[in-house]
Amino acid sequence: MNRASAEPFVAGADGCPAGWIAVYHPVDRPADARWEIFATFAELCAFTEDFAAVAIDMPIGLPDIATPGGRDADRRARSVLGARQSSVFAVPARATIACTDYRDACDTNLEHSQPPRKIAKQMFYLFAKIREIDAVISPALQDRIIECHPEVAFWALNGAVALGEPKKVKSKPYAPGLDLRRKLLANHGYRAQLLAGPDCPRRLAAPDDLLDACATAWTANRHATGLSQRFPDAPQYDGRGLRMEMVY
């Protein structure tokens, strides 16, 4: 990316079928936001190496022993989302994330959870991207690369009120829910033309992927300007020294 000045940028990223979709813009200038797709998290990190903040919709910090409801961050985020709380998955144990076979993952989580429990397939499908992040992230990088959740961001965008409409119904895009999120983002400065996208095949990225990336970019901007908060107030640390927190 060619930048005419050294002004600080922020970015938000969401997983998509093609890899990662990122929305980025100068700090406090969401009207200038653009989007781009990256095949890997490492490519996204290289692109945003000098950014002030990058917010990602994927867990950072993995417990050694999984507990009901996931990490404190997961439980606290879920508590504010009302009907949208199911969008926050319970993060399993670190050893489970290393598994590439679903049955192995269930068996491993049974051994590394208290009380013993298996995992949902929806969570298993995120493992590859979580491993990408875990291979790159460090406690020092967490000052700039933060975990967030789009529905928590939309809750904050909506004045700390949970949204009444889902983005999808039976795994299909739900227009009223998408339009509600576009309106919230537009009210905070993102252009309608951007929010109508992405102008690419759905096999690469879908409209809800772009909206989630915008919501995470908004969170990154809050973080860069000192306005962000987090769940929980006093985060736990995993075995690698990573904070298990969700920023909004």
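What radius of gyration does the protein chain have, and what would a compact globule with 248 residues have?

**View 1. The whole protein chain, as a predicted model.** The radius of gyration is 17 Å. A compact globule with 248 residues would have a value near 18 Å, so the two agree. Along the principal axes, the C-alpha trace spans about 50 × 40 × 35 Å. The chain holds 10 helices and 9 strands. Of its 248 residues, 52% count as buried.

**View 2. A patch of negative charge on the surface.** Four residues gather here: Asp 101, Asp 104, Asp 107 and Glu 111. Glu 111 belongs to helix α4, which covers residues 102-111. Is Glu 111 buried or exposed? Its relative accessibility is 62%. The cut-off for exposed is over 50%, so Glu 111 counts as exposed.

**View 3. Pro 173 in strand β7.** The strand covers residues 172-173. Pro 173 has a relative accessibility of 44%. Buried means under 20% and exposed means over 50%. Pro 173 therefore counts as partly exposed.

**View 4. Pro 173 and Asp 208, a pair separated in sequence.** How many residues apart in sequence are Pro 173 and Asp 208? They are 35 residues apart. In space, their C-alpha atoms are 7.6 Å apart.

Conventions
Residues numbered from 1 in each chain as written. Predicted model: local features only at pLDDT ≥ 70, side-chain atom pairs only at ≥ 80, totals over all residues. Heavy atoms only, no water. Patch = residues over 30% accessible without salt bridge, like charges linked within 9 Å, V, L, I, M, F, W, Y side chains within 5 Å. Areas by Shrake-Rupley, 256 points an atom, 1.4 Å probe, with all protein chains shown as cover. Salt bridge = Lys/Arg side-chain N within 4 Å of Asp/Glu carboxyl O. Lys, Arg positive; Asp, Glu negative; His and termini not counted. Charge placed at Lys NZ, Arg CZ, Asp CG, Glu CD. Helix = DSSP H or I, 4+ residues; strand = E, 2+ residues; numbered from the N terminus. Buried < 20%, exposed > 50% of the residue type's maximum accessible area, 1.4 Å probe, protein only. Rg over C-alpha atoms; globule rule 2.2 N^0.38 Å.
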